[in-house]
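Open the model in your viewer and keep the selection tool at hand.

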Amino acid sequence: MTNLKNRSNTLGGFSVTLVTLNEVLPLERKNCSALGAFMVWSFDSIFSVVDSAQKMGRPALMVVGDFEARKYMGGFRMVREMVDCVAKDYDIPVILHADHFRSFDSISESIESGFSSVMVDASWRSFEENVAETKRVVEYAHKYNVSVEGELGRLPGNEGDEEVTNDEAFQTDPEEADIFVKTTGIDALAVSIGTMHGKYTFEPKINIGRLCEIAKRVSIPLVLHGGSGTPEDKIIDAIHNGIAKINIGTDLLSVTAQTIATQQKIPDFRYSVGSLFLPARDALQRNLEYKMELFMAKR
Ligand SMILES: [Zn+2]
């Protein structure tokens, strides 16, 4: 893999130059494999994703939400600095991606702070508004060599859209997807094919037929959100039909929280970093490595 050490980022004097989705995802789609896009929320989780990716010989693709970056992690610049601090000791491609950003101001701020990729989420708007807003972001981001993921169709759960159900009517329309990709110039397309954000509140029914129709018309890498809890055979089917990026958040939070809870039930438990957070990080890394292996999708 490319040695990314000792290169400076023109945007802000960082030691590591991050890469974009364009440098990693087209190859994944071609090879029928996918990268996990792992949610990070702390220095620990950033370390875990980069360290696990290095062990597995994979690029490290980290995603962070607007709220989490601002309210919990000290802002976009701080997130970028944490990533830099970890990544400088590793030799793998690293991507820092803004996840589900809805405001243009947040998107431009994340780009100025050194993020290498952004997702503009205007899928809750009308098709025409989604096209216009996404196109605006693409024109801006591409000037800075930042990749852009757009979304078409809506997912139930945690997207601020209470009325979105698992009804097929909310899933991505293949004809619209074709027009959307051509008109906006996005680098990756998030589709809705029956997965859900957060924990499933219904039996997952993944619409592989719909995905195939989209994949026939759209050649750029496709993205599956709501990866947590999705049956593994469906994940593999999806990867073999154009999905090259799979967003994972809930599973990572859940393994971390559950390990911390379980540790405290051990007889003679004493509070220490070593008895709480080290086991949690080990469990998180095992989960990350399991998923990285799964997404290489041998079948
Ligand atoms: Zn999502």
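The model is a predicted one. Is Val-64 buried or exposed? Val-64 has 28 other C-beta atoms within 10 Å, and 20 or more is the cut-off for a buried residue, so Val-64 counts as buried.

Phe-38 and Val-64 are 26 residues apart along the chain, and 8.4 Å separates their C-alpha atoms.

Next, colour the strand that holds Val-64, which is β2, residues 60–65. Strand β2 belongs to a barrel, closed by eight strands that run in the order β1-β2-β3-β4-β5-β6-β7-β8, with parallel pairing. From one strand to the next, the twist averages 25 degrees.

In general, strands of a sheet pair through backbone hydrogen bonds, in either a parallel or an antiparallel way.

Zoom out to the protein chain. Its secondary structure consists of 11 helices and eight strands. The radius of gyration is 19 Å, close to the 19 Å given by the globule rule for 299 residues, so the chain is as compact as a globular protein of that length. Along the principal axes, the C-alpha atoms fill a box of roughly 60 × 45 × 35 Å. Of the 299 residues, 46% are buried. Among contacts with a separation of 6 or more, 69% are between residues 24 or more positions apart.

The last stop is helix α8, residues 208–217. Which residues of α8 are buried? They are Arg-210, Leu-211, Ile-214 and Ala-215. Turn the view to look down the axis of α8: the buried residues fall within an arc of 135 degrees, so they line one face of the helix. Gly-209 and Lys-216, on the other side of α8, are exposed.

To see what lies over the buried residues of α8, show α7 (174–184), β6 (188–191), β7 (222–224) and α9 (232–239), which are included in their cover. Both β6 and β7 are also strands of the barrel.

Technical notes:
Residues are numbered from 1 along each chain as its sequence is written. This is a predicted model: local features need pLDDT of at least 70, side-chain atom pairs count only at pLDDT 80 or more; totals for chains, interfaces and linings use all residues. Helices (H or I, at least four residues) and strands (E, at least two) are DSSP runs, numbered from the N terminus. A residue is buried if 20 or more other C-beta atoms lie within 10 Å of its own, exposed if 12 or fewer, and partly exposed in between; C-beta atoms are placed from the backbone. Two strands pair if DSSP finds at least two bridges between them. Axes are lines fitted to C-alpha atoms, for helices over the stretch in contact, and angles run from 0 to 180 degrees between N-to-C directions. The radius of gyration is taken over C-alpha atoms; the globule rule is 2.2 Å times the number of residues to the power 0.38. Two residues are in contact if their C-beta atoms, placed from the backbone, lie within 7 Å. The arc is that of the directions from the helix axis to the C-beta atoms.
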